[in-house]
Amino acid sequence: MEGEPSQLKRAAIDATAGALSGAVSRTVTSPLDVIKIRFQVQLEPTSSWALLRKDLSTPSKYTSMVQASKDIFREEGIRGFWRGNVPALLMVMPYTSIQFTVLHKLKTFASGSSKTENHMNLSPYLSYMSGAIAGSAATVGSYPFDLLRTILASQGEPKVYPNMRTAFVDIVQTRGFQGLYAGLSPTLVEIIPYAALQFGTYDTFKRWTMAWNQRQYSNSTAENISSFQLFLCGVSAGTCAKLATHPLDVVKKRFQIEGLQRHPRYGARVEHRAYSNMLDAIKRILQMEGWAGLYKGIVPSTVKAAPANAVTFVAYELTSDWLESLLT
């Protein structure tokens, strides 16, 4: 179609804009991600209220966001909040690059146009389906870095693995190359509804915002959406997606760290083959930790997911528009 970039240029725009938006979002929200992971891999209760109801011989390391922040800063310094950020960037940049490239390709196929504005006419069903497929493809392509990020972010001080290379070598030696994909099944089970909700609700909120703008304004720019409105759409979409899928994220983290070394001060470790499969993991967590166990880290997770999602979408759309103006 006239005025549309070639397929190669369009793919380059989506891949570059996706990688940059993911890098910005991950770096900004890394402290919340580290706190979330510490909660998720802690087998002991993560709230003072829960501690009062249990007779524990081993006290919990982290019991609140404020307490966890103070402990991490005191024991590990400001750098502790960005622990595992390098593998996180190596994970998130190809992840968002693949995700947005596949997403745009699917929407182009469904709408018959590569123009983003024409994608808004797609049905909500197609928006949810496109998001689910794009999220699955991106997960498989970037998963080993997600695993390494989780391990480095969860280990605390003193470090068991001083860097990403030593963690990679130890995992391959102890688990084999398949160990780099530990927890992939629950991750895919999580990412399908998460990505579907993330992109589907984002498109829905954008459509609602455009309709609201049209009712409020009568000029030719009525359908335009401001950066602040895009940010609000991203916050809402990220919150909905994270609240719905958080238990699956907890299960994924447990599979990623099972059998790996951990300093005793951070509490009990997940033993090798502690869970036979995803359903068994959910059952055991419920038996040992109650329903609260499946929602460990929900506060920092939601607090992180909302702005992270918003920053990713806004950065992607602004970068994509800028690159498109340069290349077309």
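This is a predicted model: local features need pLDDT of at least 70, side-chain atom pairs count only at pLDDT 80 or more; totals for chains, interfaces and linings use all residues.
**Confidence**

The chain has a mean pLDDT of 83, and 90% of its residues reach 70 or more. The two ends of the range among its elements are set out below.

| Element | Residues | Mean pLDDT |
|---|---|---|
| Helix H2 (lowest) | 48–52 | 49 |
| Helix H3 (highest) | 65–76 | 91 |

Over residues 122–208, the model is 78% helix and 0% strand. The C-alpha atoms at the ends of residues 122–208 lie 14 Å apart.

**A pair of helices**

Helix H4 spans residues 85–111 and helix H6 spans residues 124–154. Their axes come within 8 Å and cross at roughly 170 degrees. Angles over 145 degrees count as roughly antiparallel, so H4 is roughly antiparallel to H6. The crossing of H4 past H6 is right-handed.

**Tyr295**

Tyr295 sits in the loop that lies between helix H11 (291–294) and helix H12 (298–327). Its relative accessible area is 36%. Buried means under 20% and exposed means over 50%, so Tyr295 is partly exposed.

Which residues does Tyr295 contact, leaving aside its neighbours within four places in sequence? They are His246 and Pro247. For Tyr295 and Cys240, the separation is 55 residues in sequence and 15 Å in space, taken from C-alpha to C-alpha.

Definitions and conventions: Residues are numbered from 1 along each chain as its sequence is written. Side-chain values use heavy atoms; hydrogens and water are left out. Helices (H or I, at least four residues) and strands (E, at least two) are DSSP runs, numbered from the N terminus. Buried means under 20% relative accessible area, exposed over 50%, partly exposed in between (1.4 Å probe, protein chains only). Contact means heavy atoms within 4.5 Å. pLDDT is the predictor's confidence in each residue, from 0 to 100. Axes are lines fitted to C-alpha atoms, for helices over the stretch in contact, and angles run from 0 to 180 degrees between N-to-C directions. Angles under 35 degrees count as roughly parallel, over 145 as roughly antiparallel, 65 to 115 as roughly perpendicular and the rest as oblique. A crossing is left-handed if the near helix is turned anticlockwise from the far one by less than a right angle, and right-handed if clockwise.
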